[in-house]
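Subject: Structure handover

Hi,

Here is the structure I promised to pass on. Please open it alongside this note. My findings follow below.

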Amino acid sequence: MPAPANAKATAPQLRKLFCLARELGMDHEDLRGLAHNMAGVDGLSQLTRRDAMRLIDYLVDRSRKDYRPTAASRQQIYLIEKLAVELGWNDNPRRLAGFVRRTAGVAHLRWLDAAGAYRVIEGLKKMVERRKKTLYNSR
């Protein structure tokens, strides 16, 4: 039977948090501050299992060698790809790559930062909107 959503974090989860924080050069106060910002708790002992999992996932992502704090989020990349499919660009990936290069100045989606991804998304949304208007007006 699964644990209730508000069950306290387990001892192995707390050990993992301390281990990851130590690897990243964080002290106890830094870890408490992170827990407060992400989960709204005043102490690590107040973390729920779900909150502890979120913190662990965050720290694991931060410990990756290719971590870039300003990188585009997964949601942004997903939205860019979804809008490209709406435009019918899924059959030609070079078309999206060219648009990304023109709009954000990078050669591939994986190098987008959050601000560049925002510009690409807004440009694609405008193109989708224009396409819908022309289809609507041609009827």
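How far does helix H6 reach from its first C-alpha to its last, and how many residues does it have? Note that this is a predicted model. H6 runs over residues 114-137 and has 24 residues. Its end-to-end C-alpha reach is 34 Å, close to the 34 Å expected at 1.5 Å a residue.

Next, burial in H6. The buried residues are Gly116, Ala117, Val120, Ile121, Gly123, Leu124 and Val128. Their cover includes helix H4 (74-86) and helix H5 (93-104).

Is Arg102 buried or exposed? Its relative accessible area is 65%. That is over the 50% cut-off, so Arg102 counts as exposed. Val120 itself is buried in H6.

Now the pair H1 and H3. Two packed helices are described by the angle between their axes and the distance between the axes. Helix H1 covers residues 11-23 and helix H3 covers residues 49-63. Their axes come within 10 Å and cross at roughly 25°. Angles under 35 degrees count as roughly parallel, so H1 and H3 are roughly parallel to each other. The crossing is left-handed.

Which residues meet there? From H1: Gln13, Lys16, Leu17, Leu20 and Ala21. From H3: Arg49, Ala52, Met53, Leu55, Ile56, Leu59 and Val60. By class, this contact has nine nonpolar, one polar and two charged residues.

Best wishes

Definitions and conventions
Residues are numbered from 1 along each chain as its sequence is written. This is a predicted model: local features need pLDDT of at least 70, side-chain atom pairs count only at pLDDT 80 or more; totals for chains, interfaces and linings use all residues. Side-chain values use heavy atoms; hydrogens and water are left out. Helices (H or I, at least four residues) and strands (E, at least two) are DSSP runs, numbered from the N terminus. The expected span of a helix is 1.5 Å times one less than its number of residues. Buried means under 20% relative accessible area, exposed over 50%, partly exposed in between (1.4 Å probe, protein chains only). Contact means heavy atoms within 4.5 Å. Axes are lines fitted to C-alpha atoms, for helices over the stretch in contact, and angles run from 0 to 180 degrees between N-to-C directions. Angles under 35 degrees count as roughly parallel, over 145 as roughly antiparallel, 65 to 115 as roughly perpendicular and the rest as oblique. A crossing is left-handed if the near helix is turned anticlockwise from the far one by less than a right angle, and right-handed if clockwise. Ala, Val, Leu, Ile, Met, Phe, Trp, Tyr, Cys and Pro count as nonpolar, Asp, Glu, Lys and Arg as charged, and the others, Gly among them, as polar.
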